[in-house]
Amino acid sequence: MKKVAIGCLGAGQVVREQHFPVLAAMPGASLAWVADVDMSSARLLARAFKCLPVEPREIDGHLHGIDVLLIAVPYGVRLQYYERLRKVSADVSLFVEKPVARTVAEHISICGLRPPHRIACGYSRRVLPVVEAVKQMIGEGFWGRLNECSFGIGAVGGYSVGDKYYADPVMAGGGLMMEIGVHCIDAVLFCTGGTPAGDITGQMILDNGIDIHTKAETQLRLADGTNVPFAFEVTLLEETEGRIELVFDRHVLSFSLFDDSGILVRKIGGKSGYTVAVALPRLTGYQMLGRFWMRYFEALETGVVNETCSVTSLGVTQMVQAAYELVGCRVVPLAENSMVSECQVV
Ligand SMILES: NC(=O)c1ccc[n+]([C@@H]2O[C@H](COP(=O)([O-])OP(=O)(O)OC[C@H]3O[C@@H](n4cnc5c(N)ncnc54)[C@H](O)[C@@H]3O)[C@@H](O)[C@H]2O)c1
């Protein structure tokens, strides 16, 4: 079988430590080139992974030789590339790292760049065994009816911006919500099959344009048409459990996207007070990402949309947009038909 040739925009941490080591180990993939405004990073990475360093302004000329472009530059610099990709080389499929978008209009616009099975986005935690198991259990009605869901993520001072793009809310597209909140919202929507329903209430606090605390409540519409409450907290101002919690008729399930604790199950009102852990296979970060790329390659080969495709994460963006609209912050399109938005304190 022909290998999937990959070009990459961005030679930063996620590419260096995750995508390239994984793709280099996959028999079905070949690394063609890497482009970055920091050409010394691009050259170093290209040398280590035996591919070509490319100046970002010259990528158009290199698109014809690849099957997939991995877009792993920070959110705030992607627009210029989307506009170029709209005009050139429609044959190249896309893998857009998270976060995809801050507004629904922007998300739809990005999805319009290619047919739905040919744009992936990096919500790779969808293929974690814990996420797959919870999704399957909910789908089979194993625990009965789902009545509530919630998550809390973050801890006091638990986010160091250092010299990374996070320090710039335009580059990052926001703060904690875009960086980590999106993974948790995505996992809840993905596992439950729910879609955002109804108003969102709560509070978001910004520090220099960076969201550092969001506490919100909304509703999810489940596949059977019922609505359930969904509360979430994404914060640097409070301690959280760092877990997603799902309340069923008689049991509460909780799990983390960021550790190997499996699924914890507690009986509501049970006398024992025990929590039972459902152990699951462990995957390294490399194995998880490799699995996700494999699933994306399947979508490309079969033409069938699967869980890797951006079109399946529109609900996440819908919630993110609503969260940024909560208080003191308005999402304003930079220009008509623009795909980026900026955060304004009002
Ligand atoms: N899916 C995940 O779990 C996951 C994990 C980590 C990072 N990410 C996402 O991947 C993206 C990159 O993260 P990172 O940790 O590698 O960041 P990073 O800061 O380490 O790297 C970003 C790279 O982009 C380059 N760059 C900046 N502006 C550019 C431009 N205009 N043109 C070309 N190159 C440019 C920088 O020089 C840098 O090398 C972020 O959006 C982040 O949220 C996703």
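Which residue takes a positive phi in the hairpin of β8 and β9? I looked it up: Asn 208 does, with phi near 55 degrees, and the hairpin has two residues between the strands.

**Entry 1. Ground rules**

I am working on a predicted model, where local features need pLDDT of at least 70, side-chain atom pairs count only at pLDDT 80 or more, and totals for chains, interfaces and linings use all residues. Residues are numbered from 1 along each chain as its sequence is written.

**Entry 2. The whole chain**

I counted nine helices and 16 strands in the chain. Helices (H or I, at least four residues) and strands (E, at least two) are DSSP runs, numbered from the N terminus. The C-alpha trace spans about 65 × 50 × 35 Å along its principal axes. I then checked the radius of gyration: the chain has 20 Å, which agrees with the value near 20 Å for a compact globule because the chain has 346 residues. That radius is taken over C-alpha atoms, and the globule rule is 2.2 Å times the number of residues to the power 0.38.

**Entry 3. Domains**

The domain assignment gives domain 1 (4-124 + 287-313) and domain 2 (126-283); such bounds come from an automatic or database assignment. The C-alpha centres of domain 1 and domain 2 lie 27 Å apart. I find 16 residues of domain 1 in contact with 14 residues of domain 2. Contact requires the C-beta atoms of two residues, placed from the backbone, to lie within 7 Å. On the side of domain 1 that touches domain 2, I listed seven nonpolar, four polar and five charged residues. In this scheme Ala, Val, Leu, Ile, Met, Phe, Trp, Tyr, Cys and Pro count as nonpolar, Asp, Glu, Lys and Arg as charged, and the others, Gly among them, as polar.

**Entry 4. The ligand shell**

I looked up what surrounds the ligand and found 25 residues, the closest being Gly 12, Gln 13, Val 14, Val 77 and Gly 122. A residue counts as near if its C-beta atom, placed from the backbone, lies within 6 Å of the molecule or strand. By class the shell has 13 nonpolar, six polar and six charged residues. Both domain 1 and domain 2 supply at least three residues each. Helix α1 (residues 13-24) gives the largest share, three residues.

**Entry 5. The six-stranded sheet**

I followed α1 on to the sheet. Helix α1 lies across β1 (4-9), β2 and β4 (68-71), and runs at about 150 degrees to β2. Axes here are lines fitted to C-alpha atoms, for helices over the stretch in contact, and angles run from 0 to 180 degrees between N-to-C directions. The open sheet has six strands in the order β3-β2-β1-β4-β5-β6, with parallel pairing. Strands pair if DSSP finds at least two bridges between them. β3 (52-54) and β6 (119-121) are the edge strands, each pairing on one side only. Neighbouring strands are turned by 25 degrees against each other on average, direction ignored. Strand β2 (residues 29-35) is joined to β3 by three bridges, and Val 34 has Pro 53 of β3 as its bridge partner.

**Entry 6. The eight-stranded sheet**

What is the strand order of the open sheet with mixed pairing? I read it as β8-β9-β10-β7-β11-β12-β13-β14, eight strands. Its edge strands are β8 (195-207) and β14 (275-278). From one strand to the next the twist averages 15 degrees. Helix α7 (residues 176-192) packs on this sheet, touching β7 (146-153), β8, β9 (210-221), β10 (227-235) and β11 (244-248), and its direction makes about 160 degrees with that of β7. β8 and β9 pair in the antiparallel sense over 10 bridges, and Thr 201 stands opposite Glu 217 in β9. Helix α9 (residues 314-324) lies across β8 and β9, at about 45 degrees to β8.

**Entry 7. Helix against helix**

Helix α5 (residues 129-139) packs with α7 at an angle of about 40 degrees, their axes 8 Å apart. From α5, the contact uses Val 131, Val 134, Lys 135 and Ile 138; from α7, Ala 187, Phe 190, Cys 191 and Thr 192. By class I note six nonpolar, one polar and one charged.

I found a cis peptide bond from Lys 98 to Pro 99, with omega near -5 degrees. Pro 99 sits in the loop between β5 (93-96) and α4 (104-111). Lys 50 is not a glycine, yet has a positive phi of about 55 degrees; Lys 50 is in the loop between α2 (39-48) and β3.
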